[in-house]
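Hi,

Here is the model we talked about, for you to open before reading on.

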Amino acid sequence: MSWFRDHYIQIRNTLIGVIMVAIVLFVWYGVGKYRERRAVEELAAMQTEQSSQLAAEETFPENAGSETLQTEEPAGDEPVLTQSEQLYLAGLNQKEQLIHQEDDTVVWQDKTYRRNSYMKAILCMGVDRSDTMTGTRKVGEAGQADGLFLIAQDTARNQIRILMIPRDTMTMINETDDEGNDLGWWLDHLTLAFGFGDGSTDSCERMTAAVSDLLCDLEIDHYLAVNTAVIADLNDAVGGVTVTIPTEGMEKKDPAFIMGSQVTLHGSQAEAFVRYRDIEKDNSAINRMDQHKEYIRQYFQTLQEKSREDSNIVPELFDRIQDYMVTDMDKAEYLKIAVDALSSSGLDDDSFYVLPGIGITTDRFDEYYVTFNQAIPMILQLFYRETAS
């Protein structure tokens, strides 16, 4: 089953010359996985001075992206960590610098922050499935969250910002066996969290919990999951969407998709544009986010123009996709968010953020590791306010 991945990675010798500390491997169809967070944190705490240096902030480049971590070869019998292990442990080290206090404030670099009550966090998921989202599904049939966007809704200014989260982000997710029995939290690709649920509320709650944990225990106010099968319908409901092709090589999918050209998408072209990625290239899911950004921005602009002609278009769009969405909001809530957004000044390049990180390719999979020294200031900017000293 594609939602169970073989990470094959073991944390190696952490007490040099004294004891071998190995992450316990859970075997499911012969697939190795990382141990639970507690074990990894214990391992991080036991790192030698050399390993701690690997985890320091300076191991990351200033500009986050799909880059390769460069480290010096350890001398003698010192432990050798894989690149994935180095990046994950470095992230834990950075993440621990954000201090959560009992009064619900957080401290970062000697400054105190409190959650901005005007800012709502709404997790939006594009689920890779072709059927409706009514009822429930067995584990493994729920689909994956192929597109992940956290909307930062400023309820005071009727503005929104969009934090894009790469699907291949490596983080702790709550997994189950194929009977739905809880197996605890394991380090895996974030996109898979949805598939360990029932394809409905349970899947959304699992994904919400994983994203909250990833973003330093940020409280997620609401969620909305939409089946990617509705893309063509929503696209054509506004008369088509004109985009500029941002990615080289997309003509392999459609001859009209030549980089730099403008194309008005109709029908299945819309889904092809949003979902295309060259699987032969490393970190193609990260590069595809440029297509997501372009489509969201242009669809939003097109919808704004259409709403001036037809004030009922937004509720009509939601009515069209009722059977293809799952949300914990009532209709009045999500309609208000949509209407507030449409009444704002719109979306531009400054409206989009990408969760900073480093993308690597292992022998089997693409993996993306968040650089929290860059991500934490972004999270604080979007959802918190600095308190008076």
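The largest cavity holds about 1100 Å³ of space. Its lining is made up of 38 residues, and those closest to the centre are Cys-124, Val-226, Leu-234, Ile-296 and Tyr-299. Bear in mind as you look around that this is a predicted model.

Which helix gives the most to the lining of the largest cavity? That would be α8, spanning residues 289–309, with six residues. Sorted by class, the lining of this largest cavity comes out as 29 nonpolar, six polar and three charged residues.

Next, the second largest cavity, with about 110 Å³ of space. There are 14 residues around the second largest cavity, and Tyr-88, Met-170, Thr-171, Leu-214 and Phe-372 sit nearest its centre. As for where its lining comes from, at least two residues each are supplied by α3 (83–95), β7 (170–176), α4 (201–214) and β15 (366–370). Of these, α3 has the largest share, five residues. By class, the lining of the second largest cavity splits into nine nonpolar, two polar and three charged residues.

In case you want the overall tally: counting cavities of 30 Å³ or more, there are four.

Cheers

How values were computed. Residues numbered from 1 in each chain as written. Predicted model: local features only at pLDDT ≥ 70, side-chain atom pairs only at ≥ 80, totals over all residues. Heavy atoms only, no water. 1 Å grid on protein atoms, 1.4 Å probe; cavity = no way out; pocket = protein on both sides within 12 Å on 5 of 7 lines; lining within 4 Å. Points joined across faces, edges and corners; volume = space filled by probe spheres on them. Helix = DSSP H or I, 4+ residues; strand = E, 2+ residues; numbered from the N terminus. Nonpolar A, V, L, I, M, F, W, Y, C, P; charged D, E, K, R; others polar.
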